[in-house]
Amino acid sequence: MMWTINIGVIILSILISAVFTINFRYSGNALAGADTLVKILRIVSVLFAVLAFIAIGIAAIAVTILLAYRFYKNFFDNEGYLTFTLPVSTNAKLVSKILSACAWTLISFVAMLIAFIIIVLFGTATHGIINMDFVNELKSILTFIGERIGANEIFLIIELILICLVSIIFNIILIYLSITIGSIIANKHKILASVGMFFAINVLVEILQT
């Protein structure tokens, strides 16, 4: 399921690139005498691109929902009995779920990044296959950063990467904590209770941070 979602995101980015390419290259002047066809093509292609972008956004949310659902099923639904009969400590089970969720979150992030690169590189090219203007601009930016980067900047980059990793782990643990408390306190409607606990804990965290 996870691979299907992430591969689907990349396929959608390829389709979006094709739609953008058609719009950029086949203007009204390119198809003389076919203005109506051009307008229809543009409307359909823009609608498709919008729907594809929405689908990519939904895919990002779906990964998180699927991870939460699998945690609930593995620990608090009927599968929980089998999970807790495994000769492994509860801590080990929990850590394995957290590591697995972190891995899938990073894989999904990479898939989204690849999709963005495909759209920018190929979808915005007005001639040729690749948008060389974007490539040259990116090279200039990287060269500029490389010439001026020092020890302080390197430590800042490392710090930002660590903050991102900690943030991923924190959010996963927050979701798992909400499911755990919601499943314990509710005899029925455990999923609804878990969702409520998620928002309640988020509000509490925001208050403490403030």
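## Basis of the model

The model is predicted, and local features need pLDDT of at least 70, side-chain atom pairs count only at pLDDT 80 or more, and totals for chains, interfaces and linings use all residues. Residues are numbered from 1 along each chain as its sequence is written, and side-chain values use heavy atoms, with hydrogens and water left out.

## Overall fold

The protein has seven helices and zero strands; helices (H or I, at least four residues) and strands (E, at least two) are DSSP runs, numbered from the N terminus. In sequence order the pattern is α-α-α-α-α-α-α. The radius of gyration is 23 Å, well over the 17 Å that the globule rule gives for 210 residues, so the protein is more spread out than a compact globule. This radius is taken over C-alpha atoms, and the rule is 2.2 Å times the number of residues to the power 0.38.

Along the principal axes, the C-alpha atoms fill a box of roughly 70 × 50 × 40 Å. Among contacts with a separation of 6 or more, 65% are between residues 24 or more positions apart (contact means heavy atoms within 4.5 Å).

## Surface and burial

Of the 210 residues, 28% count as buried (buried is under 20% relative accessible area, exposed over 50%, partly exposed in between, with a 1.4 Å probe and protein chains only).

## The largest pocket

The largest pocket holds about 310 Å³ of space. It is lined by 14 residues, and those closest to its centre are Ile65, Ala68, Ile175, Ile179 and Val195. On a 1 Å grid over the protein atoms alone, a pocket is an open set of points where a 1.4 Å probe fits, with protein on both sides within 12 Å along at least five of seven lines, and lining residues have an atom within 4 Å of a point. Grid points are joined across faces, edges and corners, and a volume is the space filled by probe spheres set on the points.

Helices α2 (35–76), α6 (151–185) and α7 (190–209) each give at least two residues to this lining, with the largest share, six residues, coming from α2. By type, the lining has 11 nonpolar, three polar and no charged residues. Here Ala, Val, Leu, Ile, Met, Phe, Trp, Tyr, Cys and Pro count as nonpolar, Asp, Glu, Lys and Arg as charged, and the others, Gly among them, as polar.

## The second largest pocket

The second largest pocket has a volume of about 260 Å³. Of its 15 lining residues, Ala60, Val63, Thr64, Leu67 and Thr105 are the closest to the centre.

At least two lining residues come from each of α2, α4 (90–123) and α6. Helix α6 supplies the largest share, six residues. This lining consists of 10 nonpolar, five polar and no charged residues.

Ser13 lies in helix α1 (residues 2–25) and is buried, with a relative accessible area of 0%. Not counting residues up to four places away in sequence, Ser13 touches Ala115, Ile118 and Ile119.

Tyr72 is in helix α2 and is also buried, at a relative accessible area of 13%. Beyond its neighbours within four places in sequence, Tyr72 contacts Asp77, Ile179, Ser183, Lys190 and Ile191. Tyr72 is 58 residues from Ile130 in sequence, and the two are 44 Å apart in space, C-alpha to C-alpha.
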